Amino acid sequence: MRTRLLFGIGAWLLGAVAATGGCLLAVSMLGQGIAASPGQQLTVAMVNRALASESAETPAPLPTPTPTPSPSVQLGGVAVPITRATTPSPSQTPASTPPSPQPSPGTVLSSAGGTVVAECGQGGAYLQSWSPQQSYEAGGVVRGPARTAQVTFTAGQSQVTMFITCSHGKPSATVHTSGDGGGGGGGDD
């Protein structure tokens, strides 16, 4: 009986060790399959060398442009394209092209219910973004561009509507408040 018991415990221990080892091996193999081999970190010198070799291989420009594949670098088994910023020569830039407009930072307009960032353009007022105050929710948005853009901030029975218009290229807000006016905090008794 004692021999059987020792044999059973030995077999159980052998099985536990084999199962643990097998699980560790499986997890190790699975981890190698999920995460690609560590990628190569690019340095400035490596990128410059890749760009230099690309320009050395590129033939002189032809009268008609032909698409050329962009060079790439292998990172973790994935080809990552290398692009080079270029400035057009004066002969490539039409003289009559006006400079592209820079994005407007907008004007911040605030109310008891929230804040909007608005700008004015050819089509009228435009809401770039809006953000309700704590306990308020935004709704009823007319983003524009329109003669009057608007957003309504609501908290309980209180509503704060901001009407955004443009005057002399600058946005301004008219605020209309209805309800208890306290942002859900109750009224005077």
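Here is a short tour, stop by stop, of a predicted model.

**Stop 1: the core.** Select Leu109, Val116, Leu127, Val151, Phe153, Met162 and Ile164. These are the residues with the most contacts inside the largest nonpolar core, which has 13 residues. Color by element next: strand E4 (114-121), E5, E7 and E8 each give two or more residues to this core. Which strand gives the most? That would be E7, with four residues.

Now keep Leu109 and show what surrounds it. Leaving out residues up to four places away in sequence, Leu109 touches Gly114, Thr115, Val116, Ala118, Met162, Ile164, Pro171, Ser172 and Ala173. As a background thought, nonpolar side chains tend to be buried together in soluble globular proteins.

**Stop 2: Thr152.** Stay with strand E7 (residues 149-155), where you'll find Thr152. Is Thr152 buried or exposed? With a relative accessible area of 11%, Thr152 counts as buried, because the cut-off for that is under 20%. Draw a distance from its side chain to that of Thr161 and you get a polar contact of 3.1 Å. Beyond its neighbours within four places in sequence, Thr152 is also in contact with residues including Glu137, Ala138, Gly139 and Gly140, as well as Gln159 and Val160.

Stop 3: Go to the loop between strand E6 (137-142) and E7, and pick Pro145. The peptide bond between Gly144 and Pro145 is cis, with omega at about 5°.

Then hop to Ser135, in the loop between strand E5 (124-132) and E6. Ser135 isn't a glycine, yet its phi is positive, at about 80°. Its relative accessible area is 51%, so Ser135 is exposed.

One more of this kind: His168 sits in the loop between strand E8 (158-167) and strand E9 (170-178). What is the phi of His168? It is near 55°, again a positive value in a residue other than glycine. His168 is exposed too, at 80% relative accessibility.

**Stop 4: the helix surface.** Finish by selecting Leu5, Ile9, Trp12 and Leu13 and turning on the surface. Together these four form a nonpolar patch with about 460 Å² of accessible area. Zoom in on Trp12, which belongs to helix H1 (residues 2-34). Trp12 has a relative accessible area of 61%, so it is exposed.

Conventions:
Residues are numbered from 1 along each chain as its sequence is written. This is a predicted model: local features need pLDDT of at least 70, side-chain atom pairs count only at pLDDT 80 or more; totals for chains, interfaces and linings use all residues. Side-chain values use heavy atoms; hydrogens and water are left out. Buried means under 20% relative accessible area, exposed over 50%, partly exposed in between (1.4 Å probe, protein chains only). A polar contact is a pair of N or O atoms within 3.5 Å; within protein, one must be able to donate a hydrogen and the other to accept it, and residues adjacent in sequence count only if both atoms are side-chain atoms. Contact means heavy atoms within 4.5 Å. Patches are made of residues with over 30% relative accessible area and no salt bridge: like charges are joined within 9 Å, nonpolar side chains (Val, Leu, Ile, Met, Phe, Trp, Tyr) within 5 Å. Accessible areas come from the Shrake-Rupley method with a 1.4 Å probe; for residues, only the protein chains shown count as cover. A salt bridge is a side-chain nitrogen of Lys or Arg within 4 Å of a carboxyl oxygen of Asp or Glu. A nonpolar core is a set of buried Ala, Val, Leu, Ile, Met, Phe, Trp, Tyr and Cys residues joined through side-chain atoms within 4.5 Å.
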